[in-house]
Amino acid sequence: MSETTLIPLSPLPNQIFTLQLQNHLLKLHLYQRTYGLFLDLWIDNVLTLAGRLCLNNTFLLQDKAAPLNGDFIFIDSEGSEDPDYTELGSRFKLYFK
């Protein structure tokens with residue numbers, strides 16, 4: 001069982017950042033579109049996810065073949081809405097668990 005890690009986010013409509021997780025280099029690209037927030041994910045410079053719609057309380061990676069022991073998930077701390085960039089990092093938190 002992997003431990004839960006809070007991924008720090010900023011309330012920006014388009015953001016790219018990198019982080020080290022489980023000895024892997026990850027690059028995440030979060031971007032807001034009219035119909036939702038989306039994620040692109042690279043693991044060790046390999047595009048692993050492209051255009052994944054971010055939904056509340058739904059795992060994003062959903063790939064047992066990925067080299068990570070765990071998955072990313074958005075949680076709405078005030079209800080059950082899907083994430084929107086305006087409240088990333090406050091109401092909408094991204095976790096790896």
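The model is predicted, so local features need pLDDT of at least 70 and side-chain atom pairs count only at pLDDT 80 or more, while totals for chains, interfaces and linings use all residues. Residues are numbered from 1 along each chain as its sequence is written, and side-chain values use heavy atoms, with hydrogens and water left out. Helices (H or I, at least four residues) and strands (E, at least two) are DSSP runs, numbered from the N terminus.

**Salt bridges**

- A salt bridge is a side-chain nitrogen of Lys or Arg within 4 Å of a carboxyl oxygen of Asp or Glu; the count is two.
- Arg91 pairs with Asp76 in a salt bridge, with 2.7 Å between the closest N and O atoms.
- Asp76 is in strand S6 (72–76) and Arg91 in the loop between S6 and strand S7 (92–96), so this pair ties together parts 15 residues apart in sequence.
- Arg91 also forms a salt bridge with Glu87, where the closest N and O atoms are 3.8 Å apart.
- Through shared partners, the salt bridges join Asp76, Glu87 and Arg91 into one network.
- Buried means under 20% relative accessible area, exposed over 50%, and partly exposed in between (1.4 Å probe, protein chains only).
- Arg91 is buried at 16% relative accessible area, Asp76 is buried, and Glu87 is partly exposed at 27%.

**Nonpolar core**

- A nonpolar core is a set of buried Ala, Val, Leu, Ile, Met, Phe, Trp, Tyr and Cys residues joined through side-chain atoms within 4.5 Å.
- The largest one has 24 residues, and Leu26, Leu28, Phe72 and Phe74 have the most contacts inside it.
- At least two residues of this core come from each of strand S2 (14–21), strand S3 (24–33), strand S4 (36–43), S6 and S7.
- S4 supplies the largest share, four residues.

**Leu94**

- Leu94 belongs to strand S7 and is buried, with a relative accessible area of 1%.
- Leaving aside residues up to four places away in sequence, Leu94 has contacts (heavy atoms within 4.5 Å) that include Thr5, Leu28, Leu60, Phe72 and Phe74.
- Leu94 and Leu26 are 68 residues apart along the chain, and their C-alpha atoms are separated by 14 Å.

**Sheet**

- Four strands form an open sheet in the order S2-S3-S4-S5, with antiparallel pairing.
- Two strands pair if DSSP finds at least two bridges between them.
- S2 and strand S5 (46–53) are the edge strands, each pairing on one side only.
- S4 and S5 run antiparallel and are joined by five bridges.
- Phe38 has Leu53 in S5 as its bridge partner.
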